[in-house]
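Okay, thanks for coming, everyone.

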Amino acid sequence: MTRDEHRPCERYCKTCKEWKHYSRFKVKTAGNDTVSRFHPICRDCEQKERNERKNANRPLAIIEQRAASAAHKAATSKEFFMVQMNYRSLVPVLSALMDDGLCQGCGHSFLHERDIQIEHLEPPRHAQDWARLHARNIRLFCASCNRTKSDKPFQQWLDEQEGARLSNLQHQNLEHEFDGTLLEGMFETKAWIAVTDAT
Ligand SMILES: [Zn+2]
Ligand SMILES: [Zn+2]
């Protein structure tokens, strides 16, 4: 395509390779030159590039946000959390989880970005419990796991989750074994399951 095929009010964008009205381009003034020229890239493409840059740094931006909020609670700096508490190491982990990750607690997909939450395995005992605020004590869990774990000791939560897994497994086996609709009421009573367990 040549310039002749386009109206004088149009400019060419080298990124999307489209001719667009000049108002879609920013004006730049080179040096002392009073002659205004247009950016070689249209506003739409500039916006798109800005968004892409932002998304590329999204995991870092999120971890920095969380570091800042943790730092606020502990009356220290964001940098202290990024470096001394090793929050930096969470960036590639978060990045991988944002890309079709599964929760290590429950195995489900994360619903959205904010569903990936920082969980302290051993709950911090006070505001400046550096031993437990360190990234080595952190797992990125979904909001639902975060709720069940809450501030329980890690070992207690592990045992509870294992109990829940076995109970679910038992329900599934029973549903396979019998007609589920007939026996539905029985699944509510743990005592009945305990009896079958003993057999
Ligand atoms: Zn463009
Ligand atoms: Zn989960």
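Predicted model: local features only at pLDDT ≥ 70, side-chain atom pairs only at ≥ 80, totals over all residues.

The protein has 199 residues, and buried ones make up 13% of them. In terms of secondary structure, we've got nine helices and six strands. And if you take the contacts between residues at least 6 apart in sequence, 46% of those join residues at least 24 apart.

Let's look at helix 1, which covers residues 43-56. It has 14 residues, and from its first C-alpha to its last it reaches 20 Å, close to the 20 Å you'd expect at 1.5 Å a residue. Is this helix buried, or in the open? Well, of its 14 residues the number buried is one, so helix 1 lies largely in the open.

Now for helix 4, residues 90-98. Which of its residues are buried? They're Leu90, Leu94 and Leu97. If you look down the axis of helix 4, those buried residues fall within an arc of 60 degrees, so they line one face of the helix. An α-helix has 3.6 residues a turn, so residues three or four places apart point the same way.

On the face of helix 4 turned away from the buried side, you'll find the exposed residues Pro92 and Ala96. And what covers the buried residues? The cover includes helix 2, which is 58-73, along with strand 5 at 116-120 and strand 6 at 138-142.

Leaving out residues up to four places away in sequence, leucine 94 touches Pro59, Ile62, Ile63, Ile116 and Leu140.

That takes us to the core. The largest nonpolar core has 17 residues, and the members that touch the most others are Tyr87 and Leu94. Where do the core residues come from? Helix 2, helix 3 (that's 78-83), helix 4 and strand 6 each supply at least two. Strand 6 gives the most to this core, with four residues. As a general point, nonpolar side chains in soluble globular proteins tend to be buried together.

Okay, on to some single residues. Aspartate 100 isn't a glycine, yet its phi is positive, about 65 degrees. It has 8 C-beta neighbours inside 10 Å, so aspartate 100 counts as exposed.

Histidine 112 is in the loop between helix 4 and strand 5 too. With 9 C-beta neighbours inside 10 Å, histidine 112 counts as exposed. Histidine 112 and methionine 98 are 14 residues apart in sequence, and their C-alphas are 8.1 Å apart in space.

There's another positive phi at serine 150, about 45 degrees, and again that's not a glycine. You'll find serine 150 in the loop between helix 6, 143-149, and helix 7, 154-177. Serine 150 has 10 C-beta neighbours inside 10 Å, so it counts as exposed.

Last one: arginine 147, in helix 6. Arginine 147 counts as exposed because it has 10 C-beta neighbours inside 10 Å. From arginine 147 to glutamate 119 is 28 residues in sequence, and 9.6 Å in space, C-alpha to C-alpha.

That's my tour, so over to you for questions.

Definitions and conventions. Residues numbered from 1 in each chain as written. Chains lettered and ligands numbered in written order. Expected span 1.5 Å × (residues − 1). Buried ≥ 20, exposed ≤ 12 C-beta atoms within 10 Å, placed from the backbone. Arc of directions from axis to C-beta. Contact = placed C-beta atoms within 7 Å. Core = buried A, V, L, I, M, F, W, Y, C linked by C-beta atoms within 7 Å.
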